[in-house]
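Here are my notes for you, point by point. Keep the viewer open while you read.

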Amino acid sequence: MNAEAVAIGATKPAVSGRKCPFGEAATITLMLLRLGKRWFGVDVQSIEDVALKSWVTRVPTAPSHILGVATVRGRLVTVVGLERLVTGVGTLSRENSATLPRLVVMRADDYEMAVVADSIQGMTEYQPVPDAEPTQADVPPFIRGEFDWRGRRVSVLDAPLLIAAAAKLAGVLSPSEEVEP
Amino acid sequence: MRTLGLRTKLVVTFTGLFLAFTLVFAWYLIERQRTIASQALETRAKGLSSILAKLIAPAVDLDLDRSQAENSLAAIKGHKDLIYVAVLKADGSVYLRHSEMHLSSGSELLENSDTTRVEQRGELLHVLEPIRSNGKDIGTLAAGFSRQSIEREIQTSTRTVVGFSAAILVIGFLVAWVFSGTIARPMLELAKRLTRLSQDLAGLARSQETSSSQQVSTIDETRGTMEVMLASAQQIAESSSVVLGNAERSVTGNRDVAHRILELNNHAERVAEILAAIMQVADRTDLLALNAALEGTKAGEAGRGFTLVAAEMRRLAESVMESVAGIRRLMNDMRLASQSAVQAGQEGVSLSEETTRSARDIALVTQQQRKATEQVGRSMDDMAATVSEAMSSTRQTAATAQDLVHAALHLDRLVGSSSRVQPSADRADHAGHEGSASMGQGAGESRAR
């Protein structure tokens, strides 16, 4: 993501999706991240931090969409497998990336959760469509819309719903805790 | 000219000897028989004359009647050899005369003799025997004896001797025929065999001469080929020396190249490490810029410039990472290429070492080949000398064989008949001429060589 992405965000890409929860005609800034060959957009206001993907420790008896836990700047953060939540399968088809994998830490209230991104393209402006009907019935509720960006289909993630869905599925209701070094 | 054979000569010789012996033997026997018969007739004539003289002596002394005197001679009348008897008195008158046949005048010997005298006249043997009475010559008894009886005996003996001699001659002829056959037949066979052998020997000598000439020619060709091979071996040795030097330099160069490539590979590894560090720094820079852009965006309008700077920094970091990725690809390609170059260099070193070994082997083999070729050349010289000596010996053998052919032909002519010898002689002469011509040609070729 760069100035070009910012400029592109200003063009207000075509959006199709359900009813906008962010209010009437509010323009939001999305961070574009790629996972395999799928592209997602996350509101930058929900993103706490972007860190280098470190070692992820598997957690016994954790559900399949929980990859494990990792320490990000001294905090123990749950790492969610976004592809399993979105598609129900373990992995998405891979694509080469110039950078190392990233951990995108999202926050909703006191809850933190990290998703793994192969690469982060940048940020773009997004104009949600008010009162738009969902185009597909099987789309998860944390994807609140989709739009085209440079010929790619970008799914807009609702970070609080994503965190809530992951926490609900995992039965985790407590927020992330500080890890003593 | 017709030439008699050995057997004929032997037969003629032995028969001649037998004939001469027989003739001498016959002549001797006949003459001996004649002498004995003549002596016997003379003895008999003397004895008979003496008896008659003693018988007639009284009649003459007493001058008796002739009839009485003839009675005294009656005892001897009818003697087969007595031809005439005459008694002469001392005065020379014929006292008594008796003849068995009519004799011509002068055929009788009417003379007085005081001793017994025997005289051969014509076909008669005349005996004059003095007639004595009381120690006094009173007359002479003349008697003539015929030689017909002894001539008949001599003729009979002569026929016997001639027949016996003829038998001996025939026997001698047969013996000579058989004996000459016994001698001449093996000699004839030996002469024929010697002729064939000498002809074969001449042919063999001629063939050997031809073979020797061919051997000399072949040796010359082989010597020429050996010289060419020697020159080629020397050229190969020189070329192999050059190849050996080039191969050794190639080995050194390939080893140097392999060493340099290894150094280059080490440098590339070092560059890769540096690139990894750059990549890591760029990645961290990208991450920092991303977080800065995130914070700037969160800050709203106040952080917009900060967001732009962060985005620019991120773009630079991504550009660095893309460049590093490109350099990595290039380095990877370079590493693969260097690995291939190292492998090719090692193969080149192996090939060069193998080429060096092959060149050394070639040089060694060429040197051995050159020595072997020189040895073969010396052997060719020795062989040529040996063949020349063999040719000289062959020429001598051919000359000896030719002399032997002539000797055999001469012996064959001597032993065999001329009608059988002549074709062999022609063949021998022909073979001898061919042998001489071939030998002359071979000698000429040898001299030319």
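1. Which residue of chain B forms a salt bridge with Arg102(A)? The partner is Asp283(B), and the closest N and O atoms are 2.8 Å apart. A salt bridge here is a side-chain nitrogen of Lys or Arg within 4 Å of a carboxyl oxygen of Asp or Glu. Between chain A and chain B the count is two salt bridges.

2. Before going on, some ground rules. This is a predicted model, where local features need pLDDT of at least 70 and side-chain atom pairs count only at pLDDT 80 or more, while totals for chains, interfaces and linings use all residues. Residues are numbered from 1 along each chain as its sequence is written, chains are lettered from A and ligands numbered from 1 in the order in which they are written, and side-chain values use heavy atoms, with hydrogens and water left out.

3. Now the interface. On the chain A side 23 residues are in contact with 17 residues of chain B; contact means heavy atoms within 4.5 Å. About 1,700 Å² is buried between chain A and chain B, with carbon and sulfur atoms giving 59% of that. Buried area is the accessible area (1.4 Å probe) that two parts lose on being put together, summed over both.

4. Chain A by itself has three helices and eleven strands. These are DSSP runs, numbered from the N terminus: helices are H or I with at least four residues, strands E with at least two. Of the 181 residues in chain A, 49% are buried, and buried means under 20% relative accessible area, exposed over 50%, partly exposed in between (1.4 Å probe, protein chains only).

5. Look for the open sheet in chain A: five strands in the order S4-S7-S8-S6-S5, with mixed pairing. Two strands pair if DSSP finds at least two bridges between them. At the edges sit S4 (47–52) and S5 (66–72) of chain A, each pairing on one side only. From one strand to the next, the twist averages 30°. S4(A) pairs with S7(A) (residues 102–108) in the antiparallel sense over five bridges, and Asp49(A) stands opposite Val105(A) in S7(A).

6. Chain B reaches this sheet too: its helix H3 (residues 148–299) lies across S4 and S7 of chain A, at about 175° to S4(A). Axes are lines fitted to C-alpha atoms, for helices over the stretch in contact, and angles run from 0 to 180 degrees between N-to-C directions.

7. The largest nonpolar core has 36 residues, and Met31(A), Met106(A) and Leu162(A) touch the most other members. Such a core is a set of buried Ala, Val, Leu, Ile, Met, Phe, Trp, Tyr and Cys residues joined through side-chain atoms within 4.5 Å. Neighbours within four places in sequence aside, Met106(A) is in contact with residues including Val42(A), Tyr111(A) and Leu162(A). A second, separate core of 30 residues includes Ala53(B) and Val127(B).

8. Back in helix H3 of chain B you'll find Ala282(B). Is Ala282(B) buried or exposed? Ala282(B) is buried, because its relative accessible area is 6%. Beyond neighbours within four places in sequence, Ala282(B) is in contact with Ala317(B), Val320(B) and Met321(B). Ala282(B) and Ala317(B) are 35 residues apart in sequence, yet 5.0 Å apart in space, C-alpha to C-alpha.
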